[in-house]
Amino acid sequence: MKSYRKMTYPYVVWIAIMIVLPMILIMFYAFTKTGNSVVQFKFTLENFARFFSDRIFLEVLGRSLRVALITTVVCILLGYPAAYYIAKCSEGLKMKWVLIITFPTWINMLVRTYAWIGILQDDGVINKFLGFFGIGPVTMMYTEFAVILGMVYNFIPFMILQIYTSLTKMDYSLIEAAQDLGADRLRCFTKVTLPLSLPGVISGITLVFLPAVSSFCIPKLLGGGQYVLVGNVIESQFLTSGDWSFGSAISLIMAIIIMISLYVTKKLDRSEIQERSAS
Amino acid sequence: MKKKKRILSSIFMGLLVIFFYAPILYTIVFSFNDSRSLTKFAGFSLQWYEKMFSNRTMMESVFYTIVTAVIATAVSTFVGTVTAIGLSKSKAVLRAIVEQVNNLPIMNPEIVTAIGLLMFYSAIHFRKGFLTMLLAHIMFCIPYVILSIAPKLRTLDQNLADAAMDLGCTPWQALIKVIVPQIKPGIVSGALIAFTMSFDDFVISYFVTGNGVSNISILVYTMSKRINPSINALSTLIIVIISVFLLLYNLIPAIAEKRNSKRIKATED
């Protein structure tokens, strides 16, 4: 059996080169400044200082966090009832619904986002529909609304599926027990179903918030060139202005923010469970 | 009261389905549009399909997307399977470390992985092009394969492989004839995830490709700056291919099952 161990070694070398080394390079660039002419590196915190002292960059960061937060909240508010509805369906219908929800995710994300451009135009379908009621035209393209809509559209299936899985894994005898003990439907939901499905909501949040914070193609396609999120700043540092050190520093800041928010949501989840087991 | 609730939830689910599928339908309809407009339908035409098939960059990007996805899936499924089996027999420390590092490309924002690779390639003076894109795809596909096989290996009965070797199998034979067949569902789903991850990838490909090599995602991204209905034609083609693929994937097991039950019935008679 021990002879199988050797099978791991090639991959260990591979990840050292293809995963670990690039991460080290990001750290290295983030903390150094390239000297002029000959390649000379010296340690500096200048890149971070530049980011936090510039109001424009802080605004971009704030906007990214806001957009990701709104996207996540909308995904929960729309996704939870949908998941709840599907979980209550009969077995055969459940599978059909899951297929309906997952099918769009198989289609290329860029393709799905591109489709909204025509729909959201000033003379597009939505505005024609609003026109019947004498409203509009409402400008939707190249606004924050369009960006959030695009993000919700792309990421909500993951939220629905996560919540749905946690709802179907739930032990239904607990609800019956609550009902037997005299809880009404609302109390049943808030005291039993909701807490038990919380792990699904938490993993849904990570699957929505994380790509939403770092996305740069959705803001570019639906928000236009003027609408900039953190992802777009990183992109331009690497592909247009060529300031790799500053770009690395920004992505390091973003990665740390994401890690902290993941840690906080996980902590919240855990304290919730402990609270419940204690009471 | 209950009926009212049911109607309300049906309306909600109906609106959700419209939200999910309106853009897809819209893309298909406007791929047959006779004019350049993305908002006014001026009659049926196939001109955007003609333009798509005669557009070399578009066809090339489709070609690169498929070739990359196929090679990346094959390589990552093989390497992922081999590594997962090896890991299940490795020392706990090594396994923990590899699993942690393996999770990095999944947990990290894609753009971070992308710029890391970009700087790595440039540090070793590796010219960006098809090969750099392919290697990157293999890199981010393997973790998903390992993740989908590892749970299957954990529930595997150790004694079966031991028994095979006691009966005269070499370790290699035990691997192929005993272990691999048992973890096959994990390998298949891993390969499927790898294929879709590679086929859909935009961010990482966008940063590590060069030399005129692009995939479908990059093409849509760069072309969407100007209105170009050929993108709708390409999208429709992708939608149709994926629908057929998913339909077959969902139907084939059902058909196979039916055939099997027929066979069982035949043997019973």
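Me: A pocket, on a 1 Å grid over the protein atoms alone, is an open set of points where a 1.4 Å probe fits, with protein on both sides within 12 Å along at least five of seven lines. How much space lies in the second largest pocket here?

Reply: A volume is the space filled by probe spheres set on the points, which are joined across faces, edges and corners, and for the second largest pocket that space is about 960 Å³. This is a predicted model, in which local features need pLDDT of at least 70 and side-chain atom pairs pLDDT 80 or more, while totals for chains, interfaces and linings use all residues; side-chain values use heavy atoms, without hydrogens and water. Residues are numbered from 1 along each chain as its sequence is written, with chains lettered from A and ligands numbered from 1 in the order in which they are written.

Me: Which residues of the lining lie nearest the centre of that pocket?

Reply: Lining residues have an atom within 4 Å of a point; there are 23 for this pocket, and Y84(A), K88(A), R185(A), K5(B) and S9(B) lie nearest its centre. Two or more residues each come from α3 (55–88), α8 (172–180) and α9 (185–214) of chain A and from α1 (2–31) of chain B, where helices are DSSP runs (H or I, at least four residues) numbered from the N terminus. The largest share, six residues, belongs to α1(B).

Me: Which residues of helix α2 of chain B are buried?

Reply: With buried meaning under 20% relative accessible area, exposed over 50% and partly exposed in between (1.4 Å probe, protein chains only), the buried ones in α2(B), residues 47–54, are W48(B), Y49(B) and M52(B). Their arc, taken from the directions from the helix axis to the C-beta atoms, is only 100°, which puts them on the same side of α2(B). E50(B) and S54(B), on the other side, are exposed.
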